[in-house]
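Please look at the sequence and the 3D structure shown here, and then work through the questions and answers that follow.

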Amino acid sequence: MLAVGALAWLCGCASIGPPEAPSLELPKPPSDLRAARKGDRVTLTWSVPSRTTDRQSVRYLGRTKICRSASAALKQCETPVGEVAPPAGFEQARRASANKLPASFTDTLTSAIEREHASEFASYAVEVLNTAGRGAGISNQVRVALVPTIRPFTDFAAKPIDQGVMISWECRSSGGRSDLKYLFRIYRHPEASANETKIADVEATACALGATELGVTEEKRITSFLDQTFEWENTYFYRGTVVSVVEAAGKPPVGVEGDDTPEVKVFAHDVFPPAVPSGLQAVFSGPGQAAFIDLIWGPATDADLDGYNVYRREEGQAAVKLNSELVRTPAFRDSHVISGKTYFYSVSAVDARGNESGRSEEASESVGNL
């Protein structure tokens, strides 16, 4: 009786539902596909699926097909341009990391594709398969401009001058197309950091096509850029790349960077003095008051100007600096003058790093009898 009762109790509590359908083990298509193009290389990145379409953990991950269409949006991946094997130790890696596992693939565009579709876009997608070679469809699609890129300009160089860092290059013909526009893009990063700053997009169509194609002279082709946005006494690295720009009516311009020039290293050491002051005038004032000579001159315009030094000499003697600290404004009063003497004055400019300019032309003034 006890056994029968226990069996009845168990039967009363059990709930028998319809059988669950077996999992198809189809990895969920990625939704975060991204693309970046540099030269003829398109780098695709995405996250490896960790779930199947029926919300189960992926156990049987297969290869990933790389899909590309040069003329229209993709509907399915018919002829892959490449494949990516599943990550080694996928199961262990997925369990060990709470983050999504990254995957990538680099597709190299042929010159024929670029020529035939210069003003068009390629569509990319990926399809992740299981070990049986079955997938749930393609990922989100990304578009990449197919505009042809060209080689970087030659003899890229950079050197500090008094106004900044002068960047230069040679404008040799690089196989540009007359239906495209070109820019020369310059990047800079400090020695202590890999974070780059784009400092210029210089018009370079004439450089890319050559003077004969545009009917312009060599002198009209831009071959340099002055960087004035850095800080002196630091080391920087510069590189350049030619950007091919396609412009279609009613659409924003699209630019693609080509390959880079070699990096150049520059120590921005400021050994360049400010400009020599000009327009120095000396005026004596004395009758009825203590004698003095007032000096005024044109202000220096250097961005790093720190002040001025004032020099005085007498006939046949060496000049002596009158100020103990830098004079901050372009004016000075010399109160230590003696009646009957003639003085010769000159001034120099000094920058924030102590570089001193040459002295100005002298201005003389005589002290009258008091």
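Q: In β13, which residue is the bridge partner of tyrosine 187?
A: The model is a predicted one, in which local features need pLDDT of at least 70 and side-chain atom pairs count only at pLDDT 80 or more, while totals for chains, interfaces and linings use all residues. Residues are numbered from 1 along each chain as its sequence is written, and side-chain values use heavy atoms, with hydrogens and water left out. Strands (E, at least two residues) and helices (H or I, at least four) are DSSP runs numbered from the N terminus, and two strands pair if DSSP finds at least two bridges between them. Within β13, the residue that partners tyrosine 187 is arginine 239.

Q: How many bridges join strand β10 to β13?
A: Strand β10 covers residues 181-190 and runs antiparallel to β13. The number of bridges that join these two strands is 10.

Q: Which residue in β14 stands opposite valine 243?
A: Strand β14, residues 254-260, is joined to β13 by five bridges and runs antiparallel to it. Another antiparallel neighbour of β13 is β15 (residues 264-267), with four bridges, where lysine 265 stands opposite phenylalanine 237. In β14, the residue that stands opposite valine 243 is glutamate 257.

Q: Why is strand β13 largely enclosed by the rest of the structure?
A: A residue is called buried at under 20% relative accessible area, exposed at over 50% and partly exposed in between, with a 1.4 Å probe and protein chains only. Both faces of β13 are covered, with residues such as Thr235 and Phe237 buried on one side and Tyr236 and Tyr238 buried on the other. Strand β13, residues 235-246, is largely enclosed because its buried residues number 12 of the 12.

Q: How far apart are the sulfur atoms of cysteine 67 and cysteine 77?
A: A disulfide is a pair of cysteine sulfur atoms within 2.5 Å, and the structure holds two disulfides. In one of them, cysteine 67 lies in strand β3 and cysteine 77 in the loop between β3 and β4, 10 residues apart. The link of this pair is left-handed, with -110° about the S-S bond, and the sulfur atoms of cysteine 67 and cysteine 77 lie at a distance of 2.3 Å.

Q: In which helix is cysteine 207, and where is cysteine 171?
A: A disulfide joins cysteine 171 to cysteine 207, with 1.7 Å from S to S. The two are 36 residues apart in the chain, with cysteine 171 in the loop between β9 and β10, and cysteine 207 in helix α4.

Q: What is the phi of arginine 55?
A: Most residues other than glycine have a negative phi. Arginine 55, which has its place in the loop between β2 and β3, is exposed, with a relative accessible area of 73%. Its phi is positive although the residue is not glycine, with a value near 65°.

Q: What volume does the second largest pocket have?
A: On a 1 Å grid over the protein atoms alone, a pocket is an open set of points where a 1.4 Å probe fits, with protein on both sides within 12 Å along at least five of seven lines, and lining residues have an atom within 4 Å of a point. Grid points are joined across faces, edges and corners, and a volume is the space filled by probe spheres set on the points. The lining of the second largest pocket includes Lys28, Pro29 and Lys100, and its volume is about 190 Å³.
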